[in-house]
Amino acid sequence: MITEIKKTTSKRVFISVHYIYLLLLYLSPLFLRSHQSQLSYSAFHYPVLLSEIQFYTNTFLFCVVTTYMKTPSNPSFTEDDLSFYFSLFQESNSNNTNNPGSPPLLSFSDPMPKRKRRLDNASNPIPSPEGIADPDSASNTGNLGKRKNKKRSIARLLTSLAALDAQEDSDRRESDESERNNLSLLESNHQQKTESMLEYYSTMQDHYNELDESDSIRAKRASLAARAAAAAVGSAAAASEPAEQASTAGAPHQRRLWVKDRSKAWWDKCKSPDFPENEFKAAFRMSRATFDMICDELRSAVAREDTMLRAAIPVQQRVAVCIWRLATGEPLRLVSKRFGLGISTCHKLVLEVCSAIKTVLMPRFLQWPANPDSVSSIKSKFEAQSGIPNIIGSMYTTHIPIIAPKISVAAYFNRRHTERNQKTSYSITLQGVVDPSGVFTDVCIGWPGSMPDDQVLEKSALFQRAMAGMLTESWVVGGVSYPLMDWVLVPYDHQNLTWTQHALNEKVGDLRKIAREAFVKLKSRWSCLQKRTEVKLQDLPVVLGACCVLHNICEMRGEELDEGIRCELVDDEMVSENGIESARAQQMRDAIAHNLLHRGLAGTGFFT
């Protein structure tokens, strides 16, 4: 329907253009004759001008005809139609040449003009309008003949071009049709290959499913046969040795999964009641009573049940693997030999027990004093040691060496340790606050070693607690690496100190020795903190937290540290960039220093 509408519209447009052409041919002589006086042209130029107008009009119509012929929706317009219109143009030109005063009368029923007639019309001279004689008629006639020859050449050339365009369009249509055929053939081949591949895959899948079913059936048969054999052996044993069966009725199931046989002689000797107490304490950094207490507290979190394949590892052995690994810092290969377990099993046990210590024991043995009685007791003990009131804790920050991490290497690079040891060092920070007895009340673990102490303090839960107003009228004593704040008391760090300032620095130094001594015991008891550990960076805070909890348990239960394993604590303290952050804190520090000196509580150590 749409194609028919397009064809009808094209025909209507072409007919309209044709009528416009006839109107131009009819009106052009009348216009020139009626306006001869206004246009100011001579009788000699009249035929030439009229001929030019008719030429351009014919050329316009010819272009319309060729364009219409090229339109894909008009395949019925052929070269014969084009030749007819071209002869019609020539006939109109010859008629206008013979009788320039009369309008052209054309019809589609007129026959094609003869060549002889065109030549006769071309040989007759064109009379001048209104009877005016033209002396140069011969030369004008020759010029008109040349122009007509040029027009015929142009017409033949245009006809050839139109034919070539039609041939090109035909070739293009054939090429497009060939490409469509090839594309359809390619798609059909691809579809066939796809179907064949899918069929092959389905066949292979069915084959593998059959194999899996046969394997499962074979495994079931083997299992049934093994059960039958075991039942037969059991019945035979029951018939032959009833007494032995009765004595072993309460024994656990024997292992049916193959496990490598490893020696457990060392652990069997350690857990024996006859094992010497001093050797047990040297191996586990605590007495047997403390070890048993830890096992009882963790039993519900680390205990496992026996299975048909193997017996579960006892709770005491699980806790012993973890504590011995933290105490000695030995590699997992040696831990595996000591306890007769696999290397991966030992690594898994260390992480499980450390996580249980953090979950179960940390809320009980490592917590900030929230009870008013405990707070007042801590403040009174610190004041008895130093003479400074309202001290609630002593703070210190140390570094734990680690292996170079895979990400953010520059953040964990410890420049001061590298310069001192002449060896590239990476570390994480461990900030702790202790009470007068050296027990940790707050820890902040895991920040990169490149961060200074004041930035670590700002990231800690202690700082958030102080910002919430929970440390009002309380002091936490720190070193020069921390800034002076309303709740952080640090010594004077400038030159030329007065006696009052020297007195305060001496008392603050005595309080900081308590925190430093706590970190010495922490690293001495748990040697894994002195060397680069094999634990991953994301698991290291859990391990360090477990070490702090175990340190508190040992201190609370009075476990003495062997002087033979005591280590030196080396940490480079840098003066804080923001030395004083509160003018009020500076005034309060000056008042404390004045009271120490004038009440006779400063001592005489600063005189030396």
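Modeller: Let's begin with a term: a salt bridge is a side-chain nitrogen of Lys or Arg within 4 Å of a carboxyl oxygen of Asp or Glu. Side chains of opposite charge can pair when their charged atoms come close. What you see is a predicted model, in which local features need pLDDT of at least 70 and side-chain atom pairs count only at pLDDT 80 or more, while totals for chains, interfaces and linings use all residues. Residues are numbered from 1 along each chain as its sequence is written, and side-chain values use heavy atoms, with hydrogens and water left out.

Of its 608 residues, 38% count as buried, where buried means under 20% relative accessible area, exposed over 50%, and partly exposed in between (1.4 Å probe, protein chains only).

The part I would look at closely is strand 2, residues 426-434. Nine of its nine residues are buried, so strand 2 is largely enclosed by the rest of the structure. In a regular strand the side chains alternate between the two faces of the sheet. In strand 2, Y426, I428, L430, G432 and V434 point one way, whereas S427, T429, Q431 and V433 point the other way.

Strand 2 has partners to meet next. Two strands count as paired if DSSP finds at least two bridges between them. Strand 1, residues 391-402, runs antiparallel to strand 2 and is joined to it by nine bridges; in one of these, I402 has Y426 as its bridge partner. Strand 3, residues 440-448, is also antiparallel to strand 2, with six bridges between them. Across that pairing, I428 stands opposite P448, and Q431 faces C444. Strands 2 and 3 make a hairpin with five residues between them, and in the turn G438 has a positive phi of about 85 degrees.

D442 pairs with R465, their closest N and O atoms being 3.5 Å apart. Because D442 lies in strand 3 and R465 in helix 17 (residues 461-467), the pair ties together parts that are 23 residues apart in sequence. D442 is buried, at 6% relative accessibility, and R465 is buried too, at 16%.

For comparison, here are some salt bridges elsewhere; the count by this rule comes to 15. R566 and E517 form one, with the closest N and O atoms 2.6 Å apart. This pair links distant parts of the chain, 49 residues apart: R566 sits in the loop between helix 19 (540-556) and helix 20 (583-598), and E517 in helix 18 (residues 499-525). R566 is partly exposed at 33% relative accessibility, as is E517 at 28%. K271 and D268 also meet in a salt bridge, at 3.6 Å from N to O; K271 is partly exposed at 42% and D268 is partly exposed at 37%. A network of salt bridges links E168, D169 and R172.

Helix 18 also packs against helix 20. Their axes come within 8 Å and cross at roughly 95 degrees; such axes are lines fitted to C-alpha atoms over the stretch in contact, with angles from 0 to 180 degrees between N-to-C directions. Helix 18 and helix 20 are therefore roughly perpendicular, a label given to angles of 65 to 115 degrees, while under 35 is roughly parallel, over 145 roughly antiparallel and the rest oblique. With contact meaning heavy atoms within 4.5 Å, W499, T500, A503, L504 and K507 of helix 18 meet R589, I592, A593, H594, L596 and L597 of helix 20. These residues divide into seven nonpolar, two polar and two charged (Ala, Val, Leu, Ile, Met, Phe, Trp, Tyr, Cys and Pro count as nonpolar, Asp, Glu, Lys and Arg as charged, and the others, Gly among them, as polar).

Notes. Helix = DSSP H or I, 4+ residues; strand = E, 2+ residues; numbered from the N terminus.
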